[in-house]
Amino acid sequence: MNETTSDAKYSYDESVVQQLSYIWGVQRVLDDFELLRFCAKEFQENRDSYIKTTSSTFQSLERFEIVDAATLFELRRANANEIEALLDSYKGFLVKEHDKAFDALRSKEPSVKKACSWLEAECRFDPLPWEGVIWGGFENKEAVSRLRTYRDEKSELPYRKHPKIAYEARSISHYELAIGLCHGIPDRYVMEMERWLQDKLVSIISDWESYHASEYANFSSMPEYVSPQPFDVCFSLCLLCEIPRFRTRFRPELDKLFPLLFRFMLPNGTLWFPEPRPTTANKENIRKDHAPSPNLLTTCLLTNALFALEKEDWIEQYALPACEWIAGRQTTEGGWQDETFISMDEEGVLATYLSSEALQRSGEYRFSHNIRKGKKKLLELQTDSGAWESKFVDVSLISRKIIDHFVEAAPKWGTGTIRKLDRSGREFVQIAQQLLAQGGEANIKMAIVALCHGLEFQLYALLSTPSIETNIFRKDGQQTIGAREAMSKLREHLVANGEIRDVSTLRFQSQISLMISTRDAVVHKNASVSKSDVLQWISEVEAFTRHYGRRS
């Protein structure tokens with residue numbers, strides 16, 4: 001299978017999962033052995049203290065089922081010298097088994113399936129790896145600490161009982177997982193994090209407005225008091241704009257923050273990266289003698305955030321010109337590299353992913369060659385275990401994002417008639433988000449009407465794609481078929497192609513049907529609708545179009 005194309009799928013190889021689980025299990029057992037060795041020496045005169053201190057270590061060893069029961073029994077009863085001998089004799093065997101399993105894993109070719117296997121193995125090995133959630137300069141240690149405490153208290157969370165749920169949850173992002181938008185975390189923690197984020201965004205807007213109004217705005221460097229710096233903000237916005245709930249919740253703040261970022265734009269649509277220190281030189285002289293150079297990673301982060309935000313005029317003015325420049329920065333080997341951050345992204349994993357992702361989201365055919373080369377390079381950069389690594393981000397997050405990139409989960413901007421239909425649909429969804437953010441009963445009612453129109457346009461875009469090409473007009477050729485009939489036609493096509501069973505329904509079909517019925521009740525009977533319901537329907541409409549849009 002050529003996994004540089006849309007043939008790549010979310011699937012894993014159980015044999016690779018087992019190999020990885022065994023390798024990590026052996027590594028954990030070797031760490032536990034060192035702890036037992038230390039405790040045996042430390043408490044050799046106090047047997048009770050040794051047993052009490054090592055109880056959790058023995059529970060860990062039992063969990064992995066790598067050390068046989070007889071050896072564990074001996075380790076519990078042996079004295080310090082006997083434990084030392086037992087560990088030494090067993091350690092050699094484990095190292096050999098570890099190397100043998102890793103050699104078998106290394107022999108498997110790089111692939112998306114191997115990456116999915118790595119993610120599945122990690123979720124089974126540690127379903128909730130929340131070891132500090134840092135989100136590109138946005139960090140709330142107190143909230144994360146409370147979440148971790150809640151997780152530890154609730155050992156029967158769905159993740160622990162059903163590893164598959166953890167695998168699906170990780171497909172969203174570590175940040176969403178951490179703040180509890182998936183399975184089992186109380187909504188009050190989500191609301192708390194939203195309030196904290198809103199305060200943070202307002203603070204950044206205030207600092208940046210002051211900066212742009214000051215004398216430092218005429219210089220090529222930014223004073224240190226302006227924090228976070230442009231790169232950190234773009235990194236955070238790239239993740240935030242991926243989450244429909246946040247795009248709606250923080251629309252007023254985003255509409256203020258993005259224009260402040262645009263002030264760092266160069267004529268070719270790229271962002272230059274001001275150094276975090278003041279200077280006495282005049283900006284015009286600097287441009288003449290030492291012109292600020294564009295920064296690849298910052299530009300890619302902002303470009304991807306703009307595509308996720310789906311604001312047409314900003315995409316046309318800033319994102320598409322930036323894509324032209326990004327394509328021109330591709331190396332002969334097919335990857336991308338940012339010299340400014342070379343120490344944090346030595347092999348260019350993050351730069352290559354973000355660049356290729358931005359070009360793919362543009363939907364422009366002229367970038368298809370760049371995307372193919374970029375995906376080929378990403379497979380070359382895959383580690384022997386199947387993941388991708390960059391010092392900038394958590395290995396699970398970058399691996400999940402690259403898997404999505406291969407499967408083409410992100411919606412494309414597109415061209416032509418289909419693009420216009422899709423754009424209109426996205427704009428109506430944005431209008432619904434804006435109305436919802438304003439609040440008030442009338443605005444909430446108008447929001448659900450706009451949302452249904454948005455879904456209808458996007459359904460027409462799906463049915464108009466070359467792979468389906470279904471007529472979206474009634475027999476008179478003047479009136480369109482409507483959302484309900486459009487969903488029925490989409491389902492009929494998927495059944496005919498064998499993509500779903502005849503008795504199956506579309507994903508989110510029941511929720512969307514309820515939304516359309518509620519819209520009818522609002523329009524014809526002046527019925528009431530809650531803000532929380534409309535907010536949920538926005539997420540489901542976006543998930544629906546994202547799921548069925550990537551197959552076209």
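The dialogue below sets computed values against the definitions behind each term.

Tutor: This is a predicted model, in which local features need pLDDT of at least 70, side-chain atom pairs count only at pLDDT 80 or more, and totals for chains, interfaces and linings use all residues. Residues are numbered from 1 along each chain as its sequence is written, and side-chain values use heavy atoms, with hydrogens and water left out.

Student: What is the average pLDDT of the protein, and where is confidence lowest and highest?

Tutor: pLDDT is the predictor's confidence in each residue, from 0 to 100. The protein averages 77, and 76% of the residues score at least 70. Helix 8 (residues 163-170) has the lowest confidence, with a mean of 32, whereas helix 18 (residues 368-381) has the highest, at 95. Helices here are DSSP runs (H or I, at least four residues), numbered from the N terminus.

Student: Why are helix 1 and helix 2 called roughly antiparallel?

Tutor: The axes of helix 1 (residues 14-42) and helix 2 (residues 47-64) come within 10 Å and cross at roughly 165 degrees. Axes are lines fitted to C-alpha atoms, for helices over the stretch in contact, and angles run from 0 to 180 degrees between N-to-C directions. Angles under 35 degrees count as roughly parallel, over 145 as roughly antiparallel, 65 to 115 as roughly perpendicular and the rest as oblique. The two helices are therefore roughly antiparallel to each other.

Student: What makes Phe 508 partly exposed but Asn 526 exposed?

Tutor: Buried means under 20% relative accessible area, exposed over 50%, and partly exposed in between (1.4 Å probe, protein chains only). Phe 508, in the loop between helix 22 (483-496) and helix 23 (509-525), has a value of 21% and so is partly exposed. Asn 526, in the loop between helix 23 and helix 24 (531-549), has 54% and is therefore exposed. Although not a glycine, Phe 508 has a positive phi of about 65 degrees; Asn 526, also not a glycine, has one of about 55 degrees.

Student: How do you know which class Gly 363 belongs to?

Tutor: Gly 363 has 25% relative accessibility, so this residue counts as partly exposed. Gly 363 lies in the loop between helix 17 (349-362) and helix 18.
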